[in-house]
Amino acid sequence: MAENAPPRWDRRMQQRLSRGEAAALGEMYDRFAALVHSQANRMLDDEDAADVVTREVFGYVWENPDMYDPKQGSMRAWLAFLTHRESVRRLRGAADDDGPGGPDALDERVRRATAAARADYIVSSMPAPLRAALELAYVQRRDYRQTAADLGVTEDEARRRLRLGLQLLSTARTRPAEGAPPPGYGRAL
């Protein structure tokens, strides 16, 4: 299999969606709805708007399964991209309705929301050992020695996991705020 080939599940899912299999959409929803909803909620800070974005993203996928390009990344990444794009569109629409604040305030809000959503995505995507180490250290306020003891690993391994987890999280801020969409993913919902 080619190095950049998508997982077999992604290819099969796209084929099933293209054939109009409603069960495929249900399976995809079960697998990714929490990701889509949490990313939208994190960006919009509005549960009802996140519900709407979730419905719109899955509606778009149902109506346009061939827009997914396996060469550009995984189905999960595509859904995250669609969610981000729709959430930004909603933020811009809300800013237009609100009036004051100007484009600079909106751009800053979009940058913060994008970084927060990307951080959530990174944490949810990282291997369980890294996620567990970060949770112990930064949520439960354990030092690296306590983290090592709780995980049953050496202190060096705990430091390695924490360092790698933090390096992954640091990329949330270094990506472009608006993020030039991957080629082929720049079409509107």
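Ring pairs join Tyr60, Tyr68 and Trp78 into a cluster (rings of Phe, Tyr and Trp, the last by its six-membered ring, pair if their centres lie within 6.5 Å; planes under 30 degrees apart count as stacked, over 60 as edge-to-face and the rest as tilted). The model is predicted, so that local features need pLDDT of at least 70 and side-chain atom pairs count only at pLDDT 80 or more, whereas totals for chains, interfaces and linings use all residues. Residues are numbered from 1 along each chain as its sequence is written, and side-chain values use heavy atoms, with hydrogens and water left out.

Four aromatic pairs are found in a search of the whole structure. One of them is formed by tyrosine 60 and tryptophan 78, which are tilted at 50° between the planes and lie 6.4 Å apart, centre to centre. Because tyrosine 60 belongs to helix α3 (residues 47-63) and tryptophan 78 to helix α4 (residues 75-98), this pair ties together parts that are 18 residues apart in sequence. Helices (H or I, at least four residues) are DSSP runs, numbered from the N terminus. Tyrosine 60 counts as buried, at 8% relative accessibility, and tryptophan 78 is buried with a relative accessible area of 2% (buried means under 20% relative accessible area, exposed over 50%, partly exposed in between, with a 1.4 Å probe and protein chains only). Tryptophan 78 also pairs with tyrosine 68, again tilted, at 5.5 Å centre to centre and 45° between the planes. Tyrosine 68 lies in the loop between α3 and α4, so its pair with tryptophan 78 of helix α4 ties together parts 10 residues apart in sequence. Tyrosine 68 is buried, its relative accessible area being 2%.

The largest nonpolar core contains 33 residues (a set of buried Ala, Val, Leu, Ile, Met, Phe, Trp, Tyr and Cys residues joined through side-chain atoms within 4.5 Å). Met28, Phe32, Met75, Leu79 and Leu82 have the most contacts inside this core. Two or more residues each come from α1 (8-18), α2 (22-44), α3, α4 and α5 (102-125), and α2 gives the most, with nine residues. Neighbours within four places in sequence aside, methionine 28 is in contact (heavy atoms within 4.5 Å) with Trp9, Met13, Leu17, Ala33, Phe58, Val61, Met75 and Leu79. A second, separate core has nine residues, including Ala119, Ile122, Met126 and Leu130.
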